[in-house]
Amino acid sequence: MLGRAPVYGPLPVPVGLWRPVSMTVIPEVRRVALSTTVSGTDGIVALRADLDAPGVARIMIDDRAFELGTVERIDSAVTLPAVELWWPHTHGRPRTYRVALEVDGTVHPMGVVGFRTVDLDRTAGGAVLTVNGETVFCRGGTWTPLDPVRLWSPEPDLRAALEQLRSAGLNMVRVVGTLVYEQPEFWSLCAELGIMVWQDVMFGTIDPPTDDTYTAAVTRELGAFADAVSANPALMVVSGGSETQQQPTMLGIAADDQRMVMLDSIIPEFLADRVPGVAYVTSSPSSAQGELHTHVGDGIAHYFGVGGYLRPLSDIRTAGVRFAAECLAFAVPPGTGTGGEILRVRGRRRSPPGLEGRDPT
């Protein structure tokens, strides 16, 4: 959506080749779909793939091998007993497993996978994310490509940025629906570093059509996304776009049931098949209990009260924000010196030895 989302004004639209291009021999393993689930203490890896010709195949997961026999089409699930779960770095170890498919002695790497359960509970009017049965407070921000021209970064640059984010105590980033889908290295690093990802589908402030041609294009786009994130444990939440439902609300336009088919059916049904085990919300922001999609106290909110709208700090409490997928804290800092002083005064100070957890006064 970069350069096309009207909310950003006249930005240029990327044209032509904009990420690395390579020429390779057509692989003998095609149309790979990989997913993981958790059953009790076991981890299940499901693999679907087509081979050019029948071959003796086996699935390799770290140092374990699962024999498939002679096959031409693979649609198999294998179980790892007593699997070690993947955790966001704030709650545990982000354990990953390397998967490969061996056919007639040739190893085809499939990338890394992880095992975790995800639930986003919106029944109480907010949004509570639970990972592996533990409630997780999501701390993070929206992610922007590091290079705004190439829209691609070398792995060391991505690693440095994500490690800096992790060191700051943040555990989630949101890839916003007004920009671009991230490169594969971003996903592998988030899995390795224990950083959760909220992914918007690239609908930004638009009313998505539902004709067959457009739907087919969206399906192809989601297919490319699924190929990049298959079984990646960092992916927690998928949203049907940025402000996809907020814009009609702000314009006073009634929701079109036909248009909502994309958000209510097409996208979640695709995810259930190709990227199971992730939470889904129709858009960011969005109401959970029938309020206006601009209502920050219900469901998923975009909150700009203090930073964008210059309301007093008390608005943080009185607005009743439940879960902010986007939040502008300092829109226009008053100046380098003043801003730094504000942050120093309001920053948390470490208690003297022996007083941790108590009022140092």
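Biologist: What covers the buried residues of α2?

Modeller: The cover includes β9 (140-143), α1 (155-167), β10 (172-175), β11 (196-200), α3 (212-229) and β12 (235-239). This is a predicted model, where local features need pLDDT of at least 70 and side-chain atom pairs count only at pLDDT 80 or more, while totals for chains, interfaces and linings use all residues. Residues are numbered from 1 along each chain as its sequence is written, and side-chain values use heavy atoms, leaving out hydrogens and water.

Biologist: Which residues of helix α2 are buried?

Modeller: Buried means under 20% relative accessible area, exposed over 50%, partly exposed in between (1.4 Å probe, protein chains only). Helices (H or I, at least four residues) and strands (E, at least two) are DSSP runs, numbered from the N terminus. In α2 (residues 184-193), Phe 186, Trp 187, Leu 189, Cys 190, Ala 191 and Leu 193 are buried. Just after α2, Gly 194 has a positive phi of about 75°.

Biologist: How many residues has the largest nonpolar core?

Modeller: In soluble globular proteins, nonpolar side chains tend to be buried together. A nonpolar core is a set of buried Ala, Val, Leu, Ile, Met, Phe, Trp, Tyr and Cys residues joined through side-chain atoms within 4.5 Å. The largest here has 54 residues, and Leu 129, Phe 186 and Met 196 have the most contacts inside it. Apart from it lies another core of 23 residues, including Val 45 and Tyr 97.

Biologist: In what order do the strands of the open sheet lie?

Modeller: Two strands pair if DSSP finds at least two bridges between them. The 3 strands run in the order β6-β7-β8, with antiparallel pairing. β6 (118-121) and β8 (134-136) are the edge strands, each pairing on one side only.

Methods:
Contact means heavy atoms within 4.5 Å.
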